[in-house]
Amino acid sequence: MAHQVEKVGTRMKKRIGYLLIGLILFIEIPRFFGAYDSIDPRLFGIPLTAIGTGIVLPIGAGYILHTWWKTAYNKKGRDSLLIWFAVLLLLEGIILIPWGMSRLQNEPINVVTGNGLLAWFWIGVVMLSPFVLTGGIVTAIALERQPKQAKHQIEQHIYVDEQSDHVQCGVCNRIFTWPGDYADERTARRALAGHMNKHRAKGDTP
Ligand SMILES: [Zn+2]
């Protein structure tokens, strides 16, 4: 019974999580609409690029972070997903912040960016950010494959931990494990005894 309640609670939390991610779109889509309105064409009167970017950049970044979270910690390339996530956040900031400044100062966005290198840079980020996102998502999908292998590696790791035992120095908390640091319990205890003698000679107390 308690277990069932816990399960329902987890499901509810998950739903609230997805709902919150969905609500982010209410924030992002209008902002991208504002930022892109002066530069992008409309298709059948619909600001497709603004809506598309407002959806895919935040959801894509969320997907990449979620994949990082789900991927086994010892999997090669896992932490590259954090870099992709950080880069996407940066790109979102680069796109939206000059637009926010233009709203704050009540000026068109080209007054904020000027016509020089900054304008070229801003347009470059606007135009290329969807392709950067593609790279991050392809990496995330590639890492999501072969989950069995990664799981097996973790199980093996835990297995070794469960098999090993240790003694610990009461003064400095140094751990002597076997099998690991030492071949067996006898040699580990002997090493600890020698180690403790050094503490005694120096007059260390726990
Ligand atoms: Zn010690």
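**Helix α2 and its surroundings**

Author: Helix α2 has 23 residues and spans 32 Å between its first C-alpha and its last, close to the 33 Å expected at 1.5 Å a residue. The model is a predicted one.

Begin with burial. The buried residues of α2 include Thr49, Ala50, Thr53, Gly54, Leu57 and Pro58. Gly60, Ala61, Tyr63, Ile64, Thr67 and Trp68 of α2 are buried too. For the protein, buried residues make up 16% of its 206 residues.

Next comes a partner of α2. Two packed helices are described by the angle between their axes and the distance between the axes. Helix α2, residues 48–70, and helix α5, residues 117–144, have axes that come within 10 Å and cross at roughly 30 degrees. Angles under 35 degrees count as roughly parallel, so α2 and α5 are roughly parallel to each other. Their crossing is left-handed. On the α2 side, the contact is made by Thr53, Val56, Leu57, Gly60, Tyr63, Ile64 and Thr67. On the α5 side, Ser129, Pro130, Leu133, Gly136, Ile137, Ala140, Leu143 and Glu144 take part. Sorted by class, this contact of α2 with α5 has 9 nonpolar, 5 polar and 1 charged residues.

Helix α5 also packs with another helix. Helix α3, residues 80–104, meets α5 at an angle of about 160 degrees, and the axes are 10 Å apart. Angles over 145 degrees count as roughly antiparallel, so α3 and α5 are roughly antiparallel to each other. The crossing of α3 and α5 is left-handed. From α3, the contact uses Ser80, Leu81, Trp84, Val87, Leu88, Leu91, Ile94, Ile95 and Pro98. From α5, it uses Trp122, Val125, Val126, Ser129, Val132, Leu133, Gly136, Thr139, Ala140 and Leu143. By class, the contact of α3 with α5 has 15 nonpolar, 4 polar and no charged residues.

Val138 lies in helix α5. A residue with 12 or fewer other C-beta atoms within 10 Å counts as exposed, and Val138 has 11, so Val138 is exposed. The C-alpha atoms of Val138 and Ile64 are separated by 9.5 Å, although the two residues are 74 apart along the chain. Ile64 itself is among the buried residues of α2.

Now the wider setting. The protein has 7 helices and 2 strands, and from the N terminus the elements run α-α-α-α-α-α-β-β-α. Among contacts between residues at least 6 apart in sequence, 54% join residues at least 24 apart.

Helix α7 has 18 residues and reaches 26 Å, close to the 26 Å expected. Helix α7 is hardly covered, with 1 buried residue among its 18. Gly203, with a positive phi near 80 degrees, follows α7.

Last, the loops. Most residues other than glycine have a negative phi, and most peptide bonds are trans. Asn106, in the loop between α3 and α4, has a positive phi near 55 degrees. Asn173, in the loop between β1 and β2, has a positive phi near 65 degrees. Asn106 is exposed, with 7 other C-beta atoms within 10 Å, and Asn173 counts as exposed with 8. The peptide bond from Trp178 to Pro179 is cis, with omega near -15 degrees. Pro179 is found in the loop between β2 and α7.

Conventions
Residues numbered from 1 in each chain as written. Predicted model: local features only at pLDDT ≥ 70, side-chain atom pairs only at ≥ 80, totals over all residues. Axes fitted to C-alpha atoms, helices over the stretch in contact; angles between N-to-C directions. Helix = DSSP H or I, 4+ residues; strand = E, 2+ residues; numbered from the N terminus. Parallel < 35°, antiparallel > 145°, perpendicular 65-115°, else oblique. Left-handed = near helix turned anticlockwise from the far one by under 90°. Contact = placed C-beta atoms within 7 Å. Nonpolar A, V, L, I, M, F, W, Y, C, P; charged D, E, K, R; others polar. Buried ≥ 20, exposed ≤ 12 C-beta atoms within 10 Å, placed from the backbone. Expected span 1.5 Å × (residues − 1).
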